Amino acid sequence: MSKGPALFVDIGKKAKDLLTKDYTSDQKFTVSSYTGAGVAFTSTALKKGGLSTGDIAALYKYKNTQFDVKFDTDSNISTTITFTEILPSTKTIASFKVPDYNSGKLEVQYFHDHATFTTTIGLNQKPGVDVTATIGTPAIAFGAEAGYDTTSGKFTKYTAGISVTKPDSCASILLGDKGDSMKASYVHYLDQQKKSAAVGEITRRFSTNENTFTVGGAYAVDHLTLIKAKLNNHGRLGALLQHEVVPKSLLTISGELDTKALEKSPRFGLVLALKP
C-alpha cells in the first residue's frame, strides 16, 4: 500500500483506543491457538450481568486473501473475506452474517500517495452506501464521510475531520452527527516505543450545549505490565491493569467508578487472553 494519509476511520483512533480499548466491567476469557497450516483459532467466553455468551473464530491467510469466520452461541455465522491488491493499491472486504442475509456488505479501499478513498455498499435489495475520502500526507490529513440511504433518498450521516501527526504526538478534530457534535483530541507519547502516553478529549453536542471532557493516559511499568486510567468531567473514573503472564498471554483487570455517586458499587471486569 501507499505511504499516503490514513483512512478516514483512523482520524482520532489513537485517542479513542487509549480511552476505550480493553476497558470492560464484564468477565471475559479468550484462548487463541495456531495450527501448522497457519490457521488461527480464537475462543471467547463472556459473562455480562446474568447472561453468558461465547464464540469461536478461525482466521486463515492465503497469499493476498484472508478468511475470517466466527460462530457464536446465538447460532450466527459471521464471515469476512479480505482481498489485497486485486487491483493495484486496493483492498476489498466482503462480509456477511447467516441467518441475517441483509447484513452483507462490500467495501473497497483505495490508497494513493496523497489520498485514500473507501466505498461501502450493503448487499441487499435496498442498499445503503457509505463513502469516505482523505487527502494529505501521513503528517496532516483532511477527510470526510457521507452515508446515503437509497430507500429514502436521504443522507444518513456526514462527517468531516482533520488530523495532525508528529513523531511524539497526534491531534484531531471531528465534526459529526450532521454537524451537531464536535470532538477534539490530543495524544502525547512519553517514550519512543509509544507505550506510555497522555491523552485529552473534549466532545461538544451543540443541540443540548453538553460538553464532555476526558483525560487519561497509559504507563508502561515494564515491558510486561501496562497501567491505564481515565476520568471525565461527569465523575466517571476508569482504571486498567494489563500484564503479560507468558509470551502473548495477557491478563487484564479493569474497573469503573462513578465518583459522584460513591454509594453505588463500582464495576470491575476481568479479561484473560491466552495466546501460544
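This is a predicted model: local features need pLDDT of at least 70, side-chain atom pairs count only at pLDDT 80 or more; totals for chains, interfaces and linings use all residues.
**Notebook: a helix, its cover and its salt bridges**

**Entry 1. The pair in H1**

I began with Asp-17 and Lys-13, which are four residues apart in helix H1 and therefore separated by about one helical turn. Residues are numbered from 1 along each chain as its sequence is written, and side-chain values use heavy atoms, with hydrogens and water left out.

Helices (H or I, at least four residues) and strands (E, at least two) are DSSP runs, numbered from the N terminus. I found that Asp-17 forms a salt bridge with Lys-13, with 2.8 Å between the closest N and O atoms. For this term I required a side-chain nitrogen of Lys or Arg within 4 Å of a carboxyl oxygen of Asp or Glu. An α-helix has 3.6 residues a turn, so residues three or four places apart point the same way.

I then looked up how far each partner is covered. Buried means under 20% relative accessible area, exposed over 50%, and partly exposed in between (1.4 Å probe, protein chains only). Asp-17 has a relative accessible area of 25% and is partly exposed; Lys-13, at 37%, is also partly exposed.

**Entry 2. The buried side of H1**

Which residues of H1 are buried? I recorded Ala-15, Leu-18 and Leu-19. They cover an arc of only 90 degrees around the axis, so they are on the same side of H1; the arc is taken from the directions between the helix axis and the C-beta atoms. The cover over the buried residues of H1 includes S13, S14, strand S15 (210-220) and strand S16 (225-232). After H1 comes Asp-22, and I noted its positive phi, near 75 degrees.

**Entry 3. The largest nonpolar core**

I next looked up the nonpolar cores, each a set of buried Ala, Val, Leu, Ile, Met, Phe, Trp, Tyr and Cys residues joined through side-chain atoms within 4.5 Å. The largest has nine residues: Ala-15, Leu-18, Leu-19, Cys-170, Val-187, Tyr-189, Ala-197, Val-199 and Ala-218. Helix H1 (13-20), strand S13 (181-189) and strand S14 (197-205) each give two or more residues to this core. H1 provides the largest share, three residues.

Apart from residues up to four places away in sequence, Leu-18 touches Tyr-23, Val-187, Ala-197, Val-199, Ala-218 and Lys-228.

**Entry 4. Salt bridges beyond the helix**

How many salt bridges are there by this rule? The count comes to seven.

Asp-130 and Lys-157 meet through their side chains at 3.6 Å, N to O. Asp-130 is in strand S9 (residues 128-136) and Lys-157 in strand S11 (residues 154-166); the two are 27 residues apart, and the pair links distant parts of the chain. Asp-130 is partly exposed at 25%, and Lys-157 is partly exposed at 29%. I also found both residues in a network of salt bridges with Glu-145.

Arg-205 and Asp-177 form a salt bridge at 3.1 Å, N to O. Arg-205 lies in strand S14 and Asp-177 in the loop between strand S12 (169-176) and S13, so this pair ties together parts that are 28 residues apart in sequence. Arg-205 has a relative accessible area of 33% and is partly exposed; Asp-177 is partly exposed at 45%.

**Entry 5. The loop between S12 and S13**

I stayed with this loop and looked up Gly-179, which is found there. Gly-179 is partly exposed, at 36% relative accessibility. Leaving aside neighbours within four places in sequence, Gly-179 is in contact with Tyr-158 and Phe-206.

**Entry 6. A surface patch and a buried threonine**

Ile-202, Phe-213, Val-215, Leu-231 and Leu-237 form a nonpolar patch on the surface, with about 380 Å² of accessible area together. Patches are made of residues with over 30% relative accessible area and no salt bridge, with like charges joined within 9 Å and nonpolar side chains (Val, Leu, Ile, Met, Phe, Trp, Tyr) within 5 Å. Accessible areas come from the Shrake-Rupley method with a 1.4 Å probe, and for residues only the protein chains shown count as cover. I placed Ile-202 in strand S14 and noted it as partly exposed at 39%.

Is Thr-225 buried or exposed? Thr-225 is buried, with a relative accessible area of 13%. Thr-225 is in strand S16. Not counting residues up to four places away in sequence, Thr-225 touches Tyr-219, Ala-220, Leu-241, Gln-242 and His-243.

Methods. Contact means heavy atoms within 4.5 Å.
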